[in-house]
Amino acid sequence: MRRFDKSGEYKADGALSLVAWLRWKCKLSAGAAAERVEVARQLEKLPKTEAAFASGTLGYQHVAVMARAAEHVGAAAVRKEEAGLLHAAQTLDPGQFTGVAKNFEHRVDAAGALAEANHAYQRRYFHIGEPVDGLVRLDGLLDAERGATLRTALQAFMKPVKDDARSYGQRSADALVELGRQGGSGSKRDGAGPRPQLIIRASLDTLAGTPGAPAGELEGGGTVPAETVQRHACDSAIIRITGQGELDHELNHASRTISASTRRALESRDQHCVFPGCSRPTIWCDGHHLVWWIKGGATALPNLALLCRPHHRMVHEEGWRLVRHKDGRFTTIRPARPVVPSSRSA
Ligand SMILES: [Zn+2]
Ligand SMILES: [Zn+2]
């Protein structure tokens, strides 16, 4: 493939690119063709990986993960840890190994990992079709964090009953509808009560935003950037920290959680999301710490602000700053360099 790519011989058939040639002559999808071309190009710069692939100790899917990591953070960075990554590749399945590779990418290129997560976030959509022949088609895309939230929420309704003849897909569909039913009108939610549980594993370094820290890991697969971990930790979402005994005390510290009475006071002061121009109601809002609790900010009214989920995300993941003035007004400061979706492939 590499030789064919460099020689440009695909042009002899009239194809405009190697990817186009592969789609045409090898009947590959555009994504599969582009992946193979990228693997061919990156392997040249990853000699240990190429040797392992050639000898059969490494399968194609693992090689593709290595190539993608090299494409994202540069082959030089991958070469530095190539031996360690290859060792992991040989003991893990491709899905697990993708987690290891994403963690590696986050360690060497946190900004890139954040840009990629933001790019994935931009691609989110959900579509419910009009009924056709009695059926409504659903389709959509979610970024890893939202996917994990939905999966966890569905699991509560997924359990098979006795003599359950439903398929897995049917139980999933029923769970989604049940979730909609119970989450809709009639349920009591004051914002301080229990929420859909989302478990993120993260180290203290990730929580503190230390450069080189690993990504947060979602239970059930997938990773999220440090900024997302911090947003969830901001309002007492359920975060389990591993490997940092001294933080257990901090985590169990009652003051981190916004108490029901503080939450009520916050809601009556702010009424809705305080982001200028936003009026999303309190039930859609998190309690944001202006000075974060890990940096000594108090979980007390003067240090808190209601932010709706999208605006809370903009503050943590997209670099916006929220400022509370003496007269109680809130203003925002735009990010100096916006964390925008990059040209990196998703
Ligand atoms: Zn926050
Ligand atoms: Zn808002």
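Predicted model: local features only at pLDDT ≥ 70, side-chain atom pairs only at ≥ 80, totals over all residues.
## A tour of the zinc site and the aromatic rings

Residues are numbered from 1 along each chain, and side-chain values use heavy atoms, without hydrogens or water.

Select Cys273, Cys278, Cys308 and His311: their atoms SG, SG, SG and ND1 lie 2.0 to 2.3 Å from the zinc ion. Donors are N, O and S atoms within 2.8 Å of the metal (3.2 Å for Na, K and Ca). The angles among the four donor atoms are 101 to 118 degrees, and the site is tetrahedral (four donors, all angles between 85 and 135 degrees). Cys273, in the loop between α15 (260–270) and β7 (285–289), and His311, in helix α16 (residues 309–317), are 38 residues apart. Helices (H or I, at least four residues) and strands (E, at least two) are DSSP runs. Cys273 is buried at 0% relative accessible area (buried means under 20%, with a 1.4 Å probe and protein chains only).

Next, select Phe4, Tyr10 and Trp21, which ring pairs link into a cluster. Rings pair if their centres lie within 6.5 Å, and planes over 60 degrees apart count as edge-to-face. Phe4 and Trp21 form an edge-to-face pair, with centres 4.7 Å apart and planes at 70 degrees.

Finally, select Tyr121. The charged end of Arg124 sits over this ring, 3.9 Å from its centre (CZ of Arg within 6 Å of the ring centre and within 35 degrees of the ring normal). Arg313 lies over the face of Tyr121 at 3.5 Å from the ring centre.

Methods:
Chains lettered and ligands numbered in written order. Tetrahedral: all angles 85-135°; square planar, octahedral: opposite > 155°, others 65-115°. Buried < 20%, exposed > 50% of the residue type's maximum accessible area, 1.4 Å probe, protein only. Phe/Tyr/Trp six-rings, centres within 6.5 Å; stacked < 30°, edge-to-face > 60°.
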